[in-house]
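Please walk through this fold with me, from the overall layout down to single residues. Keep the sequence and the 3D view side by side.

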Amino acid sequence: MTTTKPEGSPADTYSTFEPKYGCMGSSSIRRRAWGGYIERPGYIYAIGSECGLIKLGCSQEPTNRVSAVACDNPSVGRCWLIATRPVESMRADEALLHWCFTDWHSRGEWFTVKISAATSVFEHWNQVRELALNEMPERFTLKRFVAGRV
């Protein structure tokens, strides 16, 4: 399903992204990509924790997020930065990142994915992003992508 981009929407084609499954519906991704936020460049990041969960998020200062995450979530224990990736539209890419990792979702922005899988996705983010956005999202699975990389 294709929708018309609202005026002032990001340059990238988020309008064709219509996932059928996941913790976030397509309308939520469009809302995060187009409305309610001023889209700006930044980083998507993965933060590891002693409890084994990985936090996936976005920030303009990802290294500063590590201590904030540890303070905000004392139950996860010590935290460290696993991976970062510069992006043009950090909130929209964060929403897509969460959708890609749906199979490993635990709670909130926390996922039970292996560190090797997370780093592989960050290393190949442009390819993952293109596959998820442009090549029939209902057939795209991150598990299949990661299995070929890890």
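The chain has six helices and five strands. Helices (H or I, at least four residues) and strands (E, at least two) are DSSP runs, numbered from the N terminus. Along the sequence, the pattern reads α-β-β-α-β-α-β-β-α-α-α. This is a predicted model, in which local features need pLDDT of at least 70 and side-chain atom pairs count only at pLDDT 80 or more, while totals for chains, interfaces and linings use all residues. Residues are numbered from 1 along each chain as its sequence is written, and side-chain values use heavy atoms, with hydrogens and water left out.

Some overall values come next. Of the 150 residues of the chain, 47% count as buried. Buried means under 20% relative accessible area, exposed means over 50%, and partly exposed lies in between (1.4 Å probe, protein chains only). The accessible surface comes to about 7,800 Å². Carbon and sulfur atoms hold 48% of that surface. Accessible areas come from the Shrake-Rupley method with a 1.4 Å probe, and for residues only the protein chains shown count as cover. Now take the contacts in the chain with a separation of 6 or more: 66% of them link residues 24 or more positions apart. Contact means heavy atoms within 4.5 Å.

The five strands form an open sheet in the order 3-1-2-5-4, with antiparallel pairing. Two strands pair if DSSP finds at least two bridges between them. Strand 3 and strand 4 (105-107) stand at the edges with a single partner strand each, so one side of each has no neighbour in the sheet.

Strand 1 (residues 42-49) runs antiparallel to strand 2, and six bridges join them. Gly 48 has Ile 54 of strand 2 as its bridge partner. Four residues lie between the strands of this hairpin, where Gly 52 takes a positive phi near 100 degrees. Strand 2 also pairs with strand 5 (residues 110-111), in the antiparallel sense over two bridges. Here Ile 54 has Phe 111 as its bridge partner, and Lys 55 stands opposite Trp 110.

Why is strand 2 largely enclosed by the rest of the structure? Six of the six residues of strand 2 (residues 54-59) are buried, so the rest of the structure largely encloses this strand. In a regular strand, side chains alternate between the two faces of the sheet. In strand 2, Ile 54, Leu 56 and Cys 58 point one way. Lys 55, Gly 57 and Ser 59 point the other way, and all six are buried.

Helix 3 (residues 90-100) has 10 of its 11 residues buried, so it too is largely enclosed by the rest of the structure. Among the buried residues are Asp 93, Glu 94 and His 98. Glu 94 has a relative accessible area of 3%. Glu 94 and Tyr 43 are 51 residues apart in sequence, yet 8.8 Å apart in space, C-alpha to C-alpha.

A nonpolar core is a set of buried Ala, Val, Leu, Ile, Met, Phe, Trp, Tyr and Cys residues joined through side-chain atoms within 4.5 Å. The largest core here has 25 residues, and those with the most contacts inside it are Leu 56, Leu 97, Phe 101, Val 113 and Trp 125. Helix 3 gives the most to this core, with five residues. Beyond its neighbours within four places in sequence, Leu 56 is in contact with residues including Glu 94, Leu 97, Phe 101 and Phe 122. A second, separate core of eight residues includes Tyr 45, Val 66, Cys 79 and Trp 110.

Aromatic rings come next. The structure holds two aromatic pairs. Phe 101 and Trp 104 form a tilted one, 5.7 Å centre to centre with 55 degrees between the planes. Rings of Phe, Tyr and Trp (its six-membered ring) pair if their centres lie within 6.5 Å; planes under 30 degrees apart count as stacked, over 60 as edge-to-face and the rest as tilted. Phe 101 is buried at 0% relative accessible area, and Trp 104 is buried at 15%. Phe 101, Trp 104 and Phe 111 form one aromatic cluster.

Last, the cysteines. The structure holds zero disulfides, a disulfide being a pair of cysteine sulfur atoms within 2.5 Å. Cys 58 is buried at 13% relative accessibility, and Cys 100 is buried at 4%.
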